[in-house]
Amino acid sequence: MKIKGLVHFVCAIYLVSVLLGIHGPVHGRLLSLKKPDPENAAATARWLVSQNSWGVLNTISSELGGAPFGNVVSFSDGEPGKGRGIPYFYLTTLDPTARNALKDQRASLTISEHPIGTCGKTDPENPTCAKITLTGKLKLADKDSKETEFAKNALFSKHPEMKDWPKNHNFEFFKLDIENIFLIDWFGGPKPLTVDQYLHTQTTEYAFILGFLI
């Protein structure tokens, strides 16, 4: 009971500090989330997605004869501390990525641990510097739905300047429906990880604090 009370106290202090601006997101990520153990593939995957703010989104180019087309894009899987694991994007058809997706939804998003700053001087290709590729279908989020509201809050909280991007560019909210996960976080090849395991793992700040105290 004493440990449980202490956990609640620490969580409360952290939430107050976030509200007061003492501790919280830096460049769209929460510094309070410690990198999970490499053996925990699901937690590592969710950590990579929640802590990153950009990646390389790959689509099938309708203008290059079906060749793969990679593009650096910003994304978010939820407001700080409320990530769901599904990447959302704010895209315009003035850019090839959105145009490609509207013709062929097949896509993948590749993210590296390196931009987070936790790899130190390790080379980005080193297996201990984690990386993940989420493959699936890049779809428009349903307009005027709770999902669109979630996408809006998720993206604008992590990327505030998006709110001021030109309205006449007709930016729209997209999401990646994940079908396959490729994760490298240590030597020995990719870690087996199903979409269900990825989406339903516990990655809240409460869980990390609890694990630390216990």
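These are my notebook entries on a predicted protein model.

**Ground rules.** I number residues from 1 along each chain as its sequence is written.

**Overall make-up.** I looked up the secondary structure, taking helices (H or I, at least four residues) and strands (E, at least two) as DSSP runs numbered from the N terminus, and I found 6 helices and 8 strands. From the N terminus on, the elements run α-β-β-α-β-β-β-α-β-β-α-β-α-α. Of the 214 residues, 41% are buried, where buried means under 20% relative accessible area, exposed over 50% and partly exposed in between, with a 1.4 Å probe and protein chains only.

**The sheet.** I then followed the strand pairing, which requires that DSSP finds at least two bridges between two strands. I noted an open sheet of 6 strands in the order 4-3-6-7-8-5, with antiparallel pairing. Its edges are strand 4 (68-74) and strand 5, each of which pairs on one side only. Within the sheet, strand 6 (residues 106-112) and strand 7 (residues 131-140) pair in the antiparallel sense over 7 bridges, and Thr110 has Thr133 in strand 7 as its bridge partner.

**Aromatic pairs.** I searched the whole structure for ring pairs and recorded 8 of them; rings of Phe, Tyr and Trp (its six-membered ring) pair if their centres lie within 6.5 Å, with planes under 30 degrees apart counting as stacked, over 60 as edge-to-face and the rest as tilted. Tyr88 lies in strand 5 (residues 88-91) and Phe150 in helix 4 (residues 146-158), so the pair ties together parts that are 62 residues apart in sequence. I checked the accessibility of both: Tyr88, at 5% relative accessibility, counts as buried, and Phe150, at 14%, counts as buried too. I also noted a cluster in which ring pairs link Tyr90, Phe156, Trp165, Phe171 and Phe173.

**A charge over a ring.** Last, I looked at Phe150 again and found Arg84 over the face of this ring, at 3.7 Å from the ring centre; the test asks for NZ of Lys or CZ of Arg within 6 Å of the ring centre and within 35 degrees of the ring normal.

Methods
Predicted model: local features only at pLDDT ≥ 70, side-chain atom pairs only at ≥ 80, totals over all residues. Heavy atoms only, no water.
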